[in-house]
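Dear colleague,

I am handing over the structure below, and I would be grateful if you could look at it alongside the notes that follow.

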Amino acid sequence: MKAILVNDDKSLRWDDVADPVMGSEDCLIKIEAAALNRADLMQREGDYPPPPGCPDWMGLEIAGTIIKVGEDAAKKSSWKIGDKVCALLGGGGYAEYVNVKYDMLMPVPQNCSMVEAAAIPEAFATAYLNLFIEGGLKEGNTLLMNAGASGLASVIIPMAKAFGARVITTVLSDELKESIKHLNADVVVNTTKENIADVLKNELENGHGVDVAIDCLGGEIMGQCIHYLTHGARWIMIAALAGTKTQIDLKNIYVRNVRIIGSTLRSRTPEMKAFILSELVKNVFPKIESGEVKPTIYKTLPITEAEAAQEILYKGQNVGKVVLTVE
């Protein structure tokens, strides 16, 4: 089969690799679409190696068709040949085929295309993990989701809204503010014009303090913003794209009982990932099928143009997900 490989100069090529070797608990998937994530860029740069046992090539979420079911997978699940599925992977999605353990598979939701389904597993699982398991988000809470034009924000914002939360988000321009209007965030802050820390201070004073923050930026502003949260709030760090250093008033942390939580999906055990996926199917898929929550697709490209697709993420041009299609 073919897969996307990284050359010595970090460029990409579509080349021959060995066919997957199935385990007894695996299903073999013919990939039809694979969504991009920032983790793919980190892996390409050599900073985010795949877990042991996973293919060397990138790709954390795919949609496709089951073409073979392992003996134990057939006993332990209801999957069968021909089922349309989407899957969370440790790696290996930029390819024609992939092995997936049966409990890492989810059915393609009704009313979803295969391109949309490919954009669900990693982003939706990350959103669910951080909103509800780490964040403990409840109806009526206020959420701060930084970087509102990111692919993850395009999932987290509508998911939080669908479960009754109030959402504050940030963007870098009025154009981006307009482009995410469909996500229906309650407050969108253009940080080139307003200081987000000042906004959060006003929100807290007016009774709308942040209960849960999901932060992929970090940097100096994180330490300024974390002072203006509700008592018992959770600040969840999932990346530090704006810098890894900040200053925090520690007294504010213990007086307000604020928790700072580091969180990545990839580091979770297979059992935990399987639990998150089962919770997604049970609690979120009905909202996907009703149209309350929907993947936002920015652009679709053939997998042979993976380098051009990743360039969109490198430049931060996308509002929503970029997806590769496999013929």
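In this predicted model, the buried residues of helix H10 are covered by elements that include strand E5 (84-88), strand E7 (105-107), helix H4 (121-134) and helix H5 (153-162). Among the residues of H10 that are buried are Ile276, Leu277, Leu280, Val284 and Phe285, and the list also includes Lys273, Glu279 and Lys287. The 20 residues of H10 (residues 270-289) should span 28 Å at 1.5 Å a residue, so the 26 Å between its end C-alpha atoms agrees with that expectation. H10 has a kink of about 45° at asparagine 283, shortly before proline 286, and just after the helix glycine 291 adopts a positive phi of about 90°.

As for the pockets, the largest holds about 1200 Å³ of space and has a lining of 49 residues, with Arg38, Ser150, Leu152, Cys216 and Leu241 nearest its centre. That lining comprises 27 nonpolar, 16 polar and 6 charged residues, and its largest share, 5 residues, is supplied by helix H8.

The second largest pocket, with a volume of about 650 Å³, is lined by 28 residues, of which Gly53, Cys54, Pro55, Gly90 and Asn99 lie nearest its centre. Strand E6 (97-101) and H10 are the elements that each give two or more residues to this lining, and E6 provides the largest share, 5 residues. By class, the lining of this second largest pocket divides into 16 nonpolar, 5 polar and 7 charged residues.

With best regards

Notes:
Residues numbered from 1 in each chain as written. Predicted model: local features only at pLDDT ≥ 70, side-chain atom pairs only at ≥ 80, totals over all residues. Heavy atoms only, no water. Helix = DSSP H or I, 4+ residues; strand = E, 2+ residues; numbered from the N terminus. Expected span 1.5 Å × (residues − 1). Bend = angle between axes of the 7 residues up to and from the residue. Buried < 20%, exposed > 50% of the residue type's maximum accessible area, 1.4 Å probe, protein only. Contact = heavy atoms within 4.5 Å. 1 Å grid on protein atoms, 1.4 Å probe; cavity = no way out; pocket = protein on both sides within 12 Å on 5 of 7 lines; lining within 4 Å. Points joined across faces, edges and corners; volume = space filled by probe spheres on them. Nonpolar A, V, L, I, M, F, W, Y, C, P; charged D, E, K, R; others polar.
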